[in-house]
Amino acid sequence: MRIMAIDYGDAHTGVAISDLTGLLAGYTTTIHTRRQEEVLSRLGELIQEFGVEELVLGYPKNMDGTLGPRAEKAKARERFALPVTLWDERRTTIDAHNILQSAGKNAKKRKTVVDSVAAALILEGYLTFRRSHP
(Lines give C-alpha, C1' and ligand atoms only; values in the text may rest on other atoms or scores of the structure.)
Protein backbone atom coordinates (compact mmCIF):
# COMPACT_ATOMS: atom_id res chain seq x y z
CA MET A 1 0.00 0.00 0.00
CA ARG A 2 1.48 3.34 -1.04
CA ILE A 3 1.11 6.28 1.31
CA MET A 4 1.63 9.93 0.32
CA ALA A 5 2.76 12.61 2.77
CA ILE A 6 2.11 16.25 1.91
CA ASP A 7 3.88 19.26 3.40
CA TYR A 8 1.65 22.08 2.15
CA GLY A 9 3.22 25.53 1.98
CA ASP A 10 2.31 28.92 0.58
CA ALA A 11 4.48 28.65 -2.53
CA HIS A 12 6.00 25.16 -2.35
CA THR A 13 4.33 21.86 -1.47
CA GLY A 14 6.55 18.93 -0.57
CA VAL A 15 5.41 15.42 -1.44
CA ALA A 16 6.82 12.06 -0.36
CA ILE A 17 5.45 8.67 -1.39
CA SER A 18 6.19 5.35 0.28
CA ASP A 19 7.35 2.20 -1.43
CA LEU A 20 4.77 -0.47 -2.34
CA THR A 21 5.06 -2.11 1.09
CA GLY A 22 4.17 1.12 2.89
CA LEU A 23 7.26 0.71 5.06
CA LEU A 24 9.79 3.11 3.56
CA ALA A 25 9.70 6.62 2.14
CA GLY A 26 10.63 6.56 -1.52
CA TYR A 27 9.76 9.10 -4.20
CA THR A 28 9.85 12.79 -3.29
CA THR A 29 9.09 15.95 -5.22
CA THR A 30 8.15 19.58 -4.71
CA ILE A 31 5.23 21.32 -6.38
CA HIS A 32 6.24 24.93 -6.99
CA THR A 33 3.10 27.05 -7.24
CA ARG A 34 0.92 29.27 -5.09
CA ARG A 35 -2.24 28.24 -6.95
CA GLN A 36 -4.22 25.78 -4.84
CA GLU A 37 -5.98 24.26 -7.84
CA GLU A 38 -2.63 23.51 -9.54
CA VAL A 39 -1.35 21.88 -6.36
CA LEU A 40 -4.48 19.73 -6.10
CA SER A 41 -4.28 18.79 -9.77
CA ARG A 42 -0.64 17.68 -9.47
CA LEU A 43 -1.40 15.77 -6.26
CA GLY A 44 -4.23 13.98 -8.09
CA GLU A 45 -1.84 13.04 -10.90
CA LEU A 46 0.70 11.64 -8.42
CA ILE A 47 -2.00 9.73 -6.53
CA GLN A 48 -3.08 8.08 -9.77
CA GLU A 49 0.45 7.52 -11.12
CA PHE A 50 1.71 5.80 -7.96
CA GLY A 51 -1.54 4.15 -6.86
CA VAL A 52 -1.60 5.99 -3.54
CA GLU A 53 -4.13 4.57 -1.07
CA GLU A 54 -3.67 6.84 1.94
CA LEU A 55 -2.71 10.47 2.59
CA VAL A 56 -0.75 11.93 5.49
CA LEU A 57 -1.09 15.70 5.69
CA GLY A 58 1.35 17.83 7.57
CA TYR A 59 -0.81 19.55 10.16
CA PRO A 60 0.74 22.83 11.24
CA LYS A 61 0.64 23.33 14.98
CA ASN A 62 2.45 25.92 17.05
CA MET A 63 5.07 24.76 19.52
CA ASP A 64 2.52 25.16 22.34
CA GLY A 65 0.14 22.73 20.58
CA THR A 66 -2.35 25.32 19.31
CA LEU A 67 -3.29 25.29 15.62
CA GLY A 68 -1.07 27.30 13.30
CA PRO A 69 -2.28 29.74 10.65
CA ARG A 70 -2.05 27.12 7.88
CA ALA A 71 -4.02 24.46 9.76
CA GLU A 72 -7.21 25.46 7.94
CA LYS A 73 -5.44 25.09 4.59
CA ALA A 74 -4.35 21.59 5.59
CA LYS A 75 -7.99 20.67 6.22
CA ALA A 76 -8.83 21.75 2.65
CA ARG A 77 -6.54 18.98 1.34
CA GLU A 78 -9.21 16.39 2.14
CA ARG A 79 -10.49 16.60 -1.42
CA PHE A 80 -9.46 13.10 -2.47
CA ALA A 81 -11.50 9.98 -1.70
CA LEU A 82 -8.72 8.44 0.38
CA PRO A 83 -8.18 7.92 4.10
CA VAL A 84 -6.48 11.02 5.52
CA THR A 85 -4.31 11.29 8.62
CA LEU A 86 -3.32 14.70 9.95
CA TRP A 87 0.27 14.53 11.21
CA ASP A 88 1.96 17.07 13.49
CA GLU A 89 4.61 18.70 11.32
CA ARG A 90 6.28 20.88 13.96
CA ARG A 91 9.99 21.29 13.27
CA THR A 92 10.02 19.25 10.04
CA THR A 93 11.11 22.19 7.88
CA ILE A 94 13.77 23.20 10.42
CA ASP A 95 15.01 19.60 10.59
CA ALA A 96 15.01 19.40 6.77
CA HIS A 97 17.14 22.57 6.53
CA ASN A 98 19.56 21.12 9.09
CA ILE A 99 19.83 17.81 7.21
CA LEU A 100 20.49 19.58 3.92
CA GLN A 101 23.00 21.96 5.48
CA SER A 102 24.84 19.02 7.04
CA ALA A 103 24.93 17.42 3.59
CA GLY A 104 26.69 20.52 2.24
CA LYS A 105 23.79 22.05 0.30
CA ASN A 106 23.99 25.83 0.04
CA ALA A 107 20.97 28.01 0.82
CA LYS A 108 19.89 28.25 -2.83
CA LYS A 109 19.97 24.47 -3.35
CA ARG A 110 18.24 23.87 0.00
CA LYS A 111 15.36 26.14 -0.99
CA THR A 112 14.46 23.99 -4.00
CA VAL A 113 14.28 20.68 -2.10
CA VAL A 114 13.60 21.50 1.56
CA ASP A 115 9.83 20.96 1.24
CA SER A 116 10.22 17.48 -0.24
CA VAL A 117 12.67 16.57 2.54
CA ALA A 118 10.16 17.88 5.11
CA ALA A 119 7.46 15.72 3.48
CA ALA A 120 9.80 12.72 3.69
CA LEU A 121 10.30 13.43 7.41
CA ILE A 122 6.52 13.58 7.90
CA LEU A 123 6.15 10.28 6.04
CA GLU A 124 8.97 8.59 7.95
CA GLY A 125 7.44 9.68 11.26
CA TYR A 126 4.06 8.34 10.27
CA LEU A 127 5.44 5.04 8.93
CA THR A 128 7.44 4.54 12.12
CA PHE A 129 4.29 5.18 14.16
CA ARG A 130 2.32 2.66 12.10
CA ARG A 131 4.96 -0.02 12.59
CA SER A 132 4.93 0.43 16.37
CA HIS A 133 1.10 0.69 16.62
CA PRO A 134 -0.32 -2.01 14.31
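Three aromatic pairs are counted in this predicted model, where rings of Phe, Tyr and Trp (its six-membered ring) pair if their centres lie within 6.5 Å; planes under 30 degrees apart count as stacked, over 60 as edge-to-face and the rest as tilted. One of these pairs, formed by Y27 and F50, is tilted, with 4.7 Å centre to centre and 35° between the planes. Because Y27 belongs to strand β3 and F50 to helix α1, the pair ties together parts that are 23 residues apart in sequence. Ring pairs also link W87, Y126 and F129 into a cluster.

As a predicted model, it is read with local features needing pLDDT of at least 70 and side-chain atom pairs counting only at pLDDT 80 or more, while totals for chains, interfaces and linings use all residues. Residues are numbered from 1 along each chain as its sequence is written, and side-chain values use heavy atoms, with hydrogens and water left out.

**Overall architecture**

The secondary structure of the protein chain comprises four helices and five strands; helices (H or I, at least four residues) and strands (E, at least two) are DSSP runs, numbered from the N terminus. Along the sequence the pattern is β-β-β-α-β-α-β-α-α. An open sheet of five strands has the order β3-β2-β1-β4-β5, with mixed pairing; two strands pair if DSSP finds at least two bridges between them. Its edge strands are β3 (25-32) and β5 (84-88), each of which pairs on one side only. Neighbouring strands of this sheet are turned by 25° against each other on average, direction ignored. Axes here are lines fitted to C-alpha atoms, for helices over the stretch in contact, and angles run from 0 to 180 degrees between N-to-C directions.

Strands β1 and β2 (residues 12-18) pair in the antiparallel sense over four bridges. Within this pairing, M4 stands opposite I17 in β2. Helix α1 (residues 36-50) lies across β1, β2, β3 and β4 (52-59), and runs at about 155° to β3.

Among contacts (heavy atoms within 4.5 Å) in the protein chain between residues at least 6 apart in sequence, 60% join residues at least 24 apart. The chain exposes about 7,300 Å², of which carbon and sulfur atoms supply 53%; accessible areas come from the Shrake-Rupley method with a 1.4 Å probe, and for residues only the protein chains shown count as cover.

**Burial of selected residues**

Buried means under 20% relative accessible area, exposed over 50%, and partly exposed in between (1.4 Å probe, protein chains only). Of the 134 residues of the protein chain, 41% count as buried.

| Residue | Relative accessible area | Class |
|---|---|---|
| D7 | 3% | buried |
| F50 | 19% | buried |
| Y27 | 33% | partly exposed |
| L20 | 61% | exposed |

D7 lies in strand β1 (residues 2-7). Not counting residues up to four places away in sequence, D7 touches H12, T13, G14, E89, T93, D115, A118, A119 and I122.

L20 is placed in the loop between β2 and β3. With residues up to four places away in sequence again not counted, L20 touches M1 and R2. L20 and V52 are 32 residues apart in sequence, and their C-alpha atoms are 9.2 Å apart in space.
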